[in-house]
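Have a viewer open if you can, and select the residues as they come up.

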Amino acid sequence: MLVALTVAVSVAALALAAWCGYAAYRDQPTKDWHFIGMAVVTVLALVQLIVGIVQLARGEEPADSSVIFVSYLIGALAAVPAAGFLSLAERTRWGSATVSAGAVLLAVLEVRLYDIWGG
């Protein structure tokens, strides 16, 4: 697994969490700019999924099970979009808080992915 990509996804997710957390603090719902940030983080997670699958196809193996590794990759890809869809249903400050929580969840999943790969 590429450590630089894992760090990039984690940093982007934590930046999104701080940004949406600040919006929740200011009693604001998610706005278009937040959704652009979610798209950037999601694209990074998609790139990570593709890189992980390519590495598995090339014969590289994680320290733990490959099934667990792919499951975490898919969960990491789905974390921020799921929170984004929930924030559309909740057009108050709690929508921003939901995206913030989803981004923190993604950062935690990245740490676990690093551990599963054998970091």
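Leaving aside its neighbours within four places in sequence, which residues is Ser 66 in contact with? Leu 56 and Glu 61 are the contacts of Ser 66. Please keep in mind throughout that this is a predicted model.

## Around Ser 66

Ser 66 belongs to helix 3. A handy distance to check in your viewer is the one to Val 7: Ser 66 and Val 7 are 59 residues apart in sequence, and their C-alpha atoms are 21 Å apart in space.

## Helix 1

Helix 1 covers residues 3–25. Its 23 residues should span 33 Å at 1.5 Å a residue, and the end C-alpha atoms are 32 Å apart, which agrees. Just after helix 1 comes Asp 27, with a positive phi of about 65°.

The buried residues of helix 1 are Leu 5, Thr 6, Val 9, Ser 10, Ala 12, Ala 13, Leu 16, Ala 17, Cys 20, Ala 23 and Ala 24. These buried residues pack against helix 2, helix 3 and helix 4.

## A nonpolar patch on the surface

Val 3, Val 7, Val 11 and Tyr 114 make up a nonpolar surface patch, and together they have about 350 Å² of accessible area. Three residues of the patch come from helix 1, the largest share. Val 3 is one of the patch residues and lies in helix 1; its relative accessible area is 46%, so Val 3 counts as partly exposed.

Is Thr 30 buried or exposed? Thr 30 sits in the loop between helix 1 and helix 2, and its relative accessibility is 0%, so Thr 30 counts as buried. Apart from neighbours within four places in sequence, Thr 30 is in contact with Phe 35, Met 38, Ser 87, Arg 91, Gly 95, Ser 96 and Val 99.

## Helix 2

Helix 2 has 26 residues, and the distance from its first C-alpha to its last is 37 Å, close to the 38 Å expected at 1.5 Å a residue. Gly 59 follows helix 2 and has a positive phi, near 105°.

Which residues of helix 2 are buried? They are His 34, Gly 37, Met 38, Val 41, Thr 42, Ala 45, Gln 48, Leu 49, Gly 52, Gln 55 and Leu 56. Their cover includes helix 1, helix 3 and helix 4.

## Salt bridges

How many salt bridges are there? The count comes to two. One of them joins the side chains of Glu 60 and Arg 58, at 3.4 Å from N to O. Glu 60 is partly exposed, because its relative accessibility is 28%, whereas Arg 58 is exposed, with a relative accessible area of 62%.

Asp 64 and Arg 112 also form a salt bridge, with their closest N and O atoms 3.8 Å apart. This pair links distant parts of the chain, 48 residues apart: Asp 64 is in the loop between helix 2 (32–57) and helix 3 (66–89), while Arg 112 is in helix 4 (residues 93–117). Asp 64, at 34% relative accessibility, counts as partly exposed, and Arg 112, at 30%, counts as partly exposed too.

## Aromatic pairs and helix 4

The model has two aromatic pairs. In one of them, Phe 69 and Trp 117, the ring centres are 4.9 Å apart and the planes lie at 45°, so the pair is tilted. Because Phe 69 is in helix 3 and Trp 117 in helix 4, the pair ties together parts that are 48 residues apart in sequence. Phe 69 and Trp 117 are both buried.

Val 104 is another residue of helix 4. At 38% relative accessibility, Val 104 counts as partly exposed. Val 104 and Tyr 22 are 82 residues apart in sequence, with 14 Å between their C-alpha atoms.

Methods:
Residues numbered from 1 in each chain as written. Predicted model: local features only at pLDDT ≥ 70, side-chain atom pairs only at ≥ 80, totals over all residues. Heavy atoms only, no water. Patch = residues over 30% accessible without salt bridge, like charges linked within 9 Å, V, L, I, M, F, W, Y side chains within 5 Å. Areas by Shrake-Rupley, 256 points an atom, 1.4 Å probe, with all protein chains shown as cover. Salt bridge = Lys/Arg side-chain N within 4 Å of Asp/Glu carboxyl O. Helix = DSSP H or I, 4+ residues; strand = E, 2+ residues; numbered from the N terminus. Buried < 20%, exposed > 50% of the residue type's maximum accessible area, 1.4 Å probe, protein only. Expected span 1.5 Å × (residues − 1). Contact = heavy atoms within 4.5 Å. Phe/Tyr/Trp six-rings, centres within 6.5 Å; stacked < 30°, edge-to-face > 60°.
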